[in-house]
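Please walk through the model shown here, from its overall make-up to single residues. The terms are given with their cut-offs as they come up.

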Amino acid sequence: MKRLFALLALVGAVGFGAPVWAEEKAAAPEAAVATAPAAAPAAAAPAAAEATPAEAAPAAAPLVANKGDNAWVMVCAALVILMSIPGLALFYGGLVRTKNMLSVLMQVFVTFSLISVLWVIYGYSAAFTEGNEFFGVLDKLFLKGVTIESVGATFSKGVVISELAFVIFQGAFAAITCGLIVGAFAERAKFSAVLVFMVIWFTLSYIPMAHMVWYWAGPDAYIDAAAGEAAGKTAGFLFQKGALDFAGGTVVHINAAVAGLVGAYMVGKRTGLGNVSMAPHSLTFTMIGASLLWFGWFGFNAGSALEASGGAALAMVNTWVATACAALSWMFAEWILKGKPSMLGAASGAVAGLVAITPAAGFVGVMGAIIIGLLAGIVCLWGVNGLKKMLGADDSLDVFGVHGIGGILGAVLTGVFVDPALGGTGVYDYVANAVAPFDMTTQVISQLWGVGTVVVWSGVVSLVAYKLVDIVIGLRVPEEEEREGLDLTSHGETAYHH
């Protein structure tokens with residue numbers, strides 16, 4: 001019995017790249033390993049049905065997962081987990097006041113745990129099975145049918161990896177995305193409200209965005225033009241629009257940033273903002289956290305190639321150099337404007353570069369990555385200063401200024417620098433088995449479709465989710481608890497004893 005699962009695409013015949021899964025059980029009882037979609041249909045042809053058993057064509061041998069690619073994806077999944085805990089937790093924790101350090105660590109740590117469980121229960125199934133343009137189906141609740149023998153396609157025809165490796169890799173993406181939101185309303189939100197909001201937002205915003213952007217039928221489905229057209233119609237909404245997102249500029253960063261911005265408005269400003277010092281209590285922790293993010297981000301971006309390939313190496317180099325460029329451009333711009341370079345500026349610039357290169361990592365050349373990084377540092381510096389004042393929201397740890405603005409910048413510039421004439425990889429046509437002719441205007445419009453969709457979708461879902469939680473639980477702690485600090489009032493413990 002056959003099952004198809006779409007595998008996140010790097011590049012598709014309809015011009016959209018990111019990972020999507022395809023999985024199929026072998027038809028022969030003695031075949032233990034699942035096969036990719038193109039590997040087994042020959043025996044179902046009408047001519048074969050009419051032939052005698054002796055004349056029937058032999059079934060194609062099942063595909064076996066590549067051990068090197070398997071190892072690469074599993075290591076990258078561990079690196080993404082390192083980004084969240086402790087990387088993101090320490091980066092955020094160092095930026096808040098001493099009395100709220102543990103509350104931020106707790107929110108990131110428990111959010112990661114909660115979303116990991118939900119991913120296994122229903123998230124993976126709803127995101128990476130064939131349903132409609134916005135959601136998959138629930139055939140794989142609790143990973144039903146996903147075994148050590150299950151495989152899924154990579155971005156090379158006839159090459160597969162273990163489905164379980166893909167499950168944890170994508171699950172780590174989902175968990176860190178939800179953790180990013182925490183920084184926008186740090187130091188004043190109820191712990192219970194945070195957890196309930198995360199369940200709603202993960203279900204109604206993260207899952208559909210992952211499906212819209214990354215779900216397709218896998219490269220082996222693109223046998224010819226007719227098959228490619230049929231396969232394209234089963235893909236996610238934004239995949240069909242041709243939007244490119246290598247590792248999560250829309251799905252992860254803009255998605256989380258919009259949720260954070262809405263949360264900053266809904267929860268309200270911190271008590272004493274403008275009158276009481278809100279300075280970071282430990283830039284040492286923030287620097288360590290930023291460094292762990294940079295290190296783990298190699299798994300985030302290079303792992304999204306799903307193969308230990310030249311494409312993964314390109315994504316890794318681009319992640320390295322774009323981040324360095326953004327750290328430098330933010331630092332030098334701040335040095336010029338404020339008279340002194342700061343550690344916080346350099347660390348924030350590095351994160352901005354990581355965000356901006358994420359959607360482009362496997363698509364652009366090194367020069368494109370350098371330009372994206374340099375621009376990200378400067379544009380995101382404006383995002384956390386000028387734009388933040390214009391918006392008037394107390395986005396505590398600048399989630400929107402860095403992840404939102406950096407994600408939008410990177411998503412749009414992906415449509416520019418993917419151009420082969422500018423050193424990019426172009427968009428691969430799996431039917432022709434070659435890079436397709438490139439039209440920059442068309443691709444940028446596709447990118448804008450991705451940006452606009454995630455801003456509206458996440459904005460609406462977030463607004464409704466926060467309102468529901470506020471009505472049922474209440475979003476914010478009482479003022480006296482906020483003044484005392486959430487470490488003691490919400491968790492009964494403190495980060496430091498001195």
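A residue counts as buried under 20% relative accessible area, as exposed over 50%, and as partly exposed in between, using a 1.4 Å probe and protein chains only. By that rule, 56% of the 498 residues of the protein are buried. The model is a predicted one: local features need pLDDT of at least 70 and side-chain atom pairs count only at pLDDT 80 or more, while totals for chains, interfaces and linings use all residues. Residues are numbered from 1 along each chain as its sequence is written, and side-chain values use heavy atoms, with hydrogens and water left out.

The protein has 16 helices and 5 strands. These are DSSP runs numbered from the N terminus, with helices being H or I of at least four residues and strands being E of at least two. The accessible surface comes to about 18500 Å², and 70% of that belongs to carbon and sulfur atoms; areas are from the Shrake-Rupley method with a 1.4 Å probe, and for residues only the protein chains shown count as cover. A contact means heavy atoms within 4.5 Å. Of the contacts between residues at least 6 apart in sequence, 77% join residues at least 24 apart.

A nonpolar core is a set of buried Ala, Val, Leu, Ile, Met, Phe, Trp, Tyr and Cys residues joined through side-chain atoms within 4.5 Å. The largest such core holds 133 residues, and F202 and Y206 touch the most other members. Helix 5, residues 191–214, gives the most to this core, with 13 residues. Leaving aside neighbours within four places in sequence, F202 is in contact with I115, L118, W119, Y122, G123, A174, C178 and I207.

Beyond four places in sequence, I176 touches V80, M83, S84, L88, F112 and F300. Its C-alpha is 9.8 Å from that of L82, although I176 and L82 are 94 residues apart in sequence. Q447 belongs to helix 14 (residues 440–472) and is buried, with a relative accessible area of 2%.

On a 1 Å grid over the protein atoms alone, a pocket is an open set of points with protein on both sides within 12 Å along at least five of seven lines, whereas a cavity is a set where a 1.4 Å probe fits but cannot get out; lining residues have an atom within 4 Å of a point. The largest pocket has a volume of about 690 Å³. Its lining has 26 residues, of which L344, V384, K388, S396 and D398 lie nearest the centre. Two or more lining residues come from each of helix 2 (67–95), helix 10 (310–338), helix 11 (343–357), helix 12 (366–391) and helix 13 (399–417). Helix 12 gives the largest share, 5 residues.

Some backbone details remain. A cis peptide bond, with omega about 20 degrees, joins I85 and P86, and P86 is placed in helix 2. F142 is not a glycine but has a positive phi of about 55 degrees; F142 lies in the loop between helix 3 (101–127) and strand 2 (151–153). L143 lies in the loop between helix 3 and strand 2, with a positive phi near 60 degrees. Is each residue buried or exposed? F142 is exposed at 59% relative accessible area, while L143 is buried at 16%.

Notes: Grid points are joined across faces, edges and corners, and a volume is the space filled by probe spheres set on the points.
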